[in-house]
Amino acid sequence: VRVFPDAGAASRAAADRIASTIRAASPGHRAILGMATGATPQKVYSHLASLHAAGGLSFRDAVTYNLDEYYPIQPLDPKSYRCYMHRHFFSLVDLPPQQGHVLDGTVPEGFVAAHCAEFERWIEADGGLDLQLLGIGRNGHIGFNEPSELTVAEALALPTRLIELHPLTREDAAREFGGVDKVIPRALTLGVRAILSARSILMLATGAHKAEAVAAALAGQMRASLPASLLQAAGERVTWLVDEAAASGV
Ligand code: GLP
């Protein structure tokens, strides 16, 4: 766990880790990156875009896979995570478009399971995630893996799939959607199993509203009721980057 004075410093540390993963890549060994959305990583993307604009970082040998997407949703819907990624990252860097993957919110319902399995296979075919960037929900979710009553073994094995948003997640998304009843109630998410398979995991948590979830995830045993606690299973592969406000309960 690394504690930084503010969100800017924690985000810069995350961007620097991503940048060094990318700099270690080559056409024969591309950097495979798991990306996150939400308010928290916006500063990470703007820092990466600045490094790129200054001529110090190219994404040509990077491949990205996003954690989650609302379902159903059109890619051009401003509330889609595809659109978020375009706004905050894809349009600002030289990542070749075919190397930026986001789960498809337009897949017909009958094909969702096949699409989710295929998304995991693409990651594996690329050699697996070198680095997964994560945020934490106030209820302790990672991606859209919401709290559940599963056993720990079942939760650790959760595949990429369609889920129903937890009430607190819907509440938090209400601002973007213009009201809690307008929030799209379902989403596709990379499963816990795929997240934990990443060779390196960066959990970025900033702000006092995250303090309770951060403290709970780091304390006590792993439990499905607090999905971020399952990161304990990845041991030393996980780094928590938190600002002082988010660390206040630890
Ligand atoms: C969102 C996303 C998560 C994200 C989390 C925190 O709903 N599905 O991937 O990490 O909730 O979001 P924020 O950074 O806006 O607090």
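Q: Let's begin with the ligand. By class, what residues does the shell around the ligand have?
A: The shell has four nonpolar, seven polar and one charged residues. Keep in mind that this is a predicted model.

Q: Which residues surround the ligand?
A: The ligand is surrounded by A36, T37, G38, A39, T40, L67, D68, G135, G137, G143, F144 and T169.

Q: Let me pick G135. Where is the place of G135?
A: G135 sits in the loop between β6 (131–134) and α5 (152–156).

Q: Why does G135 count as buried?
A: G135 counts as buried because it has 22 C-beta neighbours inside 10 Å, and the cut-off for buried is 20 or more.

Q: What does G135 touch, leaving out residues up to four places away in sequence?
A: G135 touches A36, G38, T40, P41, L204 and A205. Take T40 as a case: T40 and G135 are 95 residues apart along the chain, but their C-alpha atoms are separated by 6.8 Å.

Q: OK, zooming out. How many helices and strands does the protein chain have?
A: The protein chain has eight helices and ten strands.

Q: And what does the C-alpha trace span along its principal axes?
A: The trace spans about 45 × 45 × 35 Å.

Q: How much of the chain is buried?
A: Buried residues make up 45% of the 250 residues. As for contacts between residues at least 6 apart in sequence, 80% join residues at least 24 apart.

Q: Now the strands. How many residues of β3 are buried?
A: Five of the five residues in β3 (residues 62–66) are buried. A62, T64 and N66 cover one side, V63 and Y65 are on the other, and all of these are buried.

Q: In what sense do β2 and β3 pair?
A: β2 (residues 31–35) and β3 pair in the parallel sense, over five bridges. I32 stands opposite V63 in that pairing. To get from β2 to β3 the chain passes through helix α2 (residues 42–53), and this β-α-β crossover is right-handed.

Q: What about β3 and β5?
A: β3 and β5 (residues 100–101) also pair in the parallel sense, over two bridges. Y65 has H101 in β5 as its bridge partner.

Q: Switching to the other end of the chain: what unit do β9, α8 and β10 make?
A: β9, α8 and β10 make a right-handed β-α-β unit. β9 and β10 pair in the parallel sense over five bridges, and L204 has L241 in β10 as its bridge partner.

Q: Which residues of α8 are buried?
A: A211, A213, V214 and A217 are buried in α8 (residues 211–218). What covers the buried residues of α8 includes β9 (201–205) and β10 (238–243). Just after α8, G220 takes a positive phi of about 70°.

Q: How do β1 and β10 pair?
A: β1 (residues 2–4) pairs with β10 in the parallel sense over three bridges, and V3 stands opposite V242.

Q: One last thing: which residues does the cis peptide bond at P72 join?
A: The cis peptide bond joins Y71 and P72, with omega about -10°. P72 lies in the loop between β4 (68–71) and α3 (81–88).

Technical notes. Residues are numbered from 1 along each chain as its sequence is written. This is a predicted model: local features need pLDDT of at least 70, side-chain atom pairs count only at pLDDT 80 or more; totals for chains, interfaces and linings use all residues. Helices (H or I, at least four residues) and strands (E, at least two) are DSSP runs, numbered from the N terminus. A residue is buried if 20 or more other C-beta atoms lie within 10 Å of its own, exposed if 12 or fewer, and partly exposed in between; C-beta atoms are placed from the backbone. Two residues are in contact if their C-beta atoms, placed from the backbone, lie within 7 Å. Two strands pair if DSSP finds at least two bridges between them. A crossover is right-handed if, with the strands pointing away from the viewer, the path from the first strand over the helix to the second runs clockwise. A residue is near a molecule or strand if its C-beta atom, placed from the backbone, lies within 6 Å of it. Ala, Val, Leu, Ile, Met, Phe, Trp, Tyr, Cys and Pro count as nonpolar, Asp, Glu, Lys and Arg as charged, and the others, Gly among them, as polar.
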